[in-house]
Amino acid sequence: MIKLYQFPPAFGLPNMSPFCMKVETYLRMAGLAYECPRGADLTKSPKGKMPYIDDNGTVVADSTFIIDYLKATYGDKLDVKLSARERALSLTIQRTFEESLYWAAVYSRWIEDAGFAIVGEAAFARLKFPMRQLVPVIARRIMRKQLHGQGTGRHSRDEIYAMGSRDISALAELLGEQAHFLGDEPTSIDATGYAFLANLLWAPIDSPLRAHAQKLPNLEAYCQRMKVRYFSA
Ligand SMILES: N[C@@H](CCC(=O)N[C@@H](CS)C(=O)NCC(=O)O)C(=O)O
């Protein structure tokens, strides 16, 4: 069976990492059986990040490469009917979530004191003293460095949230009143959409990003639809 290595569930979400939740959502959408071994260890991940999978000895890291592998190995019913234009749109939506909005969300979680108080505690709840006190501080330092290297961390708070809110508005506009990002039927981009939007709306981290997303009711309705369809059993 496919083994999905990821962080433990948190905040009532399948995962507080949108990349981990994306892969778990995809596995459910594709109807593939999987298990999540306990005690997944970041230092054992081939790329030093979560998630990664082990499929009978084939190890694949990075959520996008994992989904590519799953499509190539088990078939691709979800996206088979997509036109070239829809595939291009799907990639553009993915990049907006993963390469742009993600960093504003990282800022709200790891740099803002209020976000860090919640995320630092939840992410390392299983550690014992003194690691439970030390590791969040080290993780925060790493996230600050990543944000600076990527560039978002060089902007002011207002600029970061303005950029993130613009992404959210654009994504809500693209979704519109459709049931899923590319129309009535779910496709693999909805694994990304659900994972990132549910993390934004349902993790208990108040930020201007979350407040902005809450003003766009089609986002909440979309997440509820995905949850009922793929995570109610
Ligand atoms: N491009 C990667 C990104 C994965 C990623 O950034 N994972 C984060 C959690 S959301 C992580 O493991 N961070 C640990 C670290 O950077 O040390 C993917 O799509 O899987």
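**View 1. The overall fold of the predicted model.** This is a predicted model, in which local features need pLDDT of at least 70 and side-chain atom pairs count only at pLDDT 80 or more, while totals for chains, interfaces and linings use all residues. Residues are numbered from 1 along each chain as its sequence is written. The protein has 9 helices and 4 strands, where helices (H or I, at least four residues) and strands (E, at least two) are DSSP runs numbered from the N terminus. Read from the N terminus, the order of these elements is β-α-β-β-β-α-α-α-α-α-α-α-α. The radius of gyration, taken over C-alpha atoms, is compared with a globule rule of 2.2 Å times the number of residues to the power 0.38; for 233 residues a compact globule would come near 17 Å, and the protein agrees because its own value is 17 Å. Along the principal axes, the C-alpha atoms fill a box of roughly 50 × 40 × 35 Å.

**View 2. Two cis peptide bonds.** Most residues other than glycine have a negative phi, and most peptide bonds are trans. The bond that joins M50 and P51 is cis, with omega about 5 degrees, and P51 is found in the loop between β2 (34–35) and β3 (52–55). The peptide bond from F129 to P130 is also cis, with omega near 5 degrees, and P130 lies in the loop between α4 and α5 (131–150).

View 3. F11, which is not a glycine, has a positive phi of about 60 degrees and lies in the loop between β1 (2–5) and α1 (18–30). A residue is buried if 20 or more other C-beta atoms, placed from the backbone, lie within 10 Å of its own, exposed if 12 or fewer, and partly exposed in between. F11 is partly exposed because it has 16 C-beta neighbours inside 10 Å, and D62 is partly exposed because 18 other C-beta atoms lie within 10 Å.

**View 4. Helix α3 against helix α6.** Two packed helices are described by the angle between their axes and the distance between the axes. Helix α3 (residues 84–111) and helix α6 (residues 157–175) pack at an angle of about 145 degrees, with their axes 9 Å apart; the axes are lines fitted to C-alpha atoms over the stretch in contact, and angles run from 0 to 180 degrees between N-to-C directions. Residues are in contact if their C-beta atoms, placed from the backbone, lie within 7 Å. The contact includes I93, T96 and L101 of α3 and I160, Y161 and D167 of α6, and its residues divide into 11 nonpolar, 3 polar and 1 charged.

Definitions and conventions: Two residues are in contact if their C-beta atoms, placed from the backbone, lie within 7 Å. Ala, Val, Leu, Ile, Met, Phe, Trp, Tyr, Cys and Pro count as nonpolar, Asp, Glu, Lys and Arg as charged, and the others, Gly among them, as polar.
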